Each structure stands twice: as structure tokens, then as C-alpha cells.
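Hi,

Here is the structure I promised to pass on.

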Amino acid sequence: HEGNNIADTRAQDPPPGERVSGDCWILQTASWEYNCEYGSVKFYALCGFGGVLSCGLTHTAVVDPQKYKGIFNGFSVTLKEDGFHGLAKGWAPTFIGHSLQGLCKFGFYEVFKVLYSNMLGEENAYL
């Protein structure tokens with residue numbers, strides 16, 4: 001390319017619906033119709049749901065790797081040793097407890113962040 005300007009290296013402008021990134025054209029096919037307004041009930045619900053998934057699932061999946069070789073093996077070993085009751089007293093309380101912890105941690109964090117920043121005012125909230 002002889003020119004230093006990126007516009008010199010292109011034969012034409014990008015077609016409508018595309019944007020330029022460096023000397024590449026990127027087709028924008030994804031639309032952002034899904035919207036969640038910051039501070040809305042939907043926003044808080046999604047934050048809480050993220051907490052349920054991130055804490056409930058991950059803490060439930062932490063097991064002794066010497067005893068349980070995988071998820072299906074873990075269910076099998078627990079059923080053989082303690083029966084169905086063993087499942088209910090093991091993973092279910094862990095999942096429920098840590099899901100509630102994640103719901104409160106992620107959901108209420110956002111609620112109080114907005115509440116307190118509104119109480120302080122826009123100019124003082126981000127000092």
C-alpha cells in the first residue's frame with residue numbers, strides 16, 4: 001500500500017450495515033433488541049440470577065476428586081452409599097444455600113449501590 005491513510009487502501013466505503021475496524025469491514029448482523037435498563041426490576045432480577053448460577057452451581061460442583069471421579073460417578077457413589085436420602089442431604093442443601101447466598105450477594109449489591117449513589121447525589125457518588 002502506497003498511502004499511509006487507511007482510506008487510501010480501500011477502493012470504496014463500507015456498505016450500509018457494516019462498520020470499519022482498522023482496515024477490515026465487519027458485518028453487523030446481531031441486533032441489540034434485548035434491553036435491560038440499569039436499575040430496573042429486570043436488571044436486579046438478572047443480577048440475582050447471575051449470583052444463583054455463579055455461586056449455586058460452582059459450589060455444588062466442588063467435591064473430593066479422590067472419591068468422586070466425575071458428576072455421574074458422584075451420583076452413583078452417593079446413591080450406593082447413602083441412597084436417595086444421601087443426595088438430599090449433600091448436594092441439595094449446598095445448592096440451595098449457596099444459590100441464596102449468590103442471589104443476595106449479587107442482587108442486593110446492585111440494589112444498595114444504586115440506592116446509596118442516589119442518596120449521595122450524582123456528583124458525590126463517584127468520588
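Before the notes, one term: a helix here is a DSSP run of H or I with at least four residues, and helices are numbered from the N terminus. Bear in mind too that this is a predicted model.

First, the overall layout. The chain has three helices and two strands, and along the sequence they come in the order β-β-α-α-α. Of its 127 residues, 17% are buried. If you take the contacts with a separation of 6 or more, 45% of them are between residues 24 or more positions apart.

H1 covers residues 41-61, and H2 runs over residues 71-120. The two pack at an angle of about 145°, with 7 Å between their axes, and the crossing is right-handed. On the H1 side, the residues making the contact include Phe 43, Tyr 44, Cys 47, Gly 48 and Gly 51; on the H2 side, Trp 91, Phe 95, Gly 102, Phe 106 and Glu 110 are among them. Sorted by class, the contact of H1 with H2 comes to 12 nonpolar, 11 polar and one charged residues.

Which residues of H1 are buried? They are Phe 43, Tyr 44, Cys 47, Gly 48, Gly 51, Cys 55 and Gly 56, and the buried residues of H1 pack against H2. I also checked the length of H1: at 1.5 Å a residue, its 21 residues should span 30 Å, and the end C-alpha atoms are 30 Å apart, so the two agree.

Thr 78 sits in H2. Its relative accessible area is 13%, so Thr 78 counts as buried, the cut-off being under 20%. Setting aside neighbours within four places in sequence, Thr 78 is in contact with Tyr 68, Gly 83, Gly 86 and Leu 87.

Lys 113 is also in H2. Is Lys 113 buried or partly exposed? Partly exposed, because its relative accessibility is 34% and that class lies between 20% and 50%. The side chain of Lys 113 makes a polar contact, at 3.1 Å, with the side chain of Glu 110, and Glu 110 is one of the H2 residues in the contact with H1. Lys 113 is 12 residues from Ala 125 in sequence, and their C-alpha atoms are 9.5 Å apart in space.

That's it from me. Over to you!

Notes:
Residues numbered from 1 in each chain as written. Predicted model: local features only at pLDDT ≥ 70, side-chain atom pairs only at ≥ 80, totals over all residues. Heavy atoms only, no water. Buried < 20%, exposed > 50% of the residue type's maximum accessible area, 1.4 Å probe, protein only. Contact = heavy atoms within 4.5 Å. Polar contact = N/O pair within 3.5 Å; in protein donor to acceptor, adjacent residues only side chain to side chain. Axes fitted to C-alpha atoms, helices over the stretch in contact; angles between N-to-C directions. Left-handed = near helix turned anticlockwise from the far one by under 90°. Nonpolar A, V, L, I, M, F, W, Y, C, P; charged D, E, K, R; others polar. Expected span 1.5 Å × (residues − 1).
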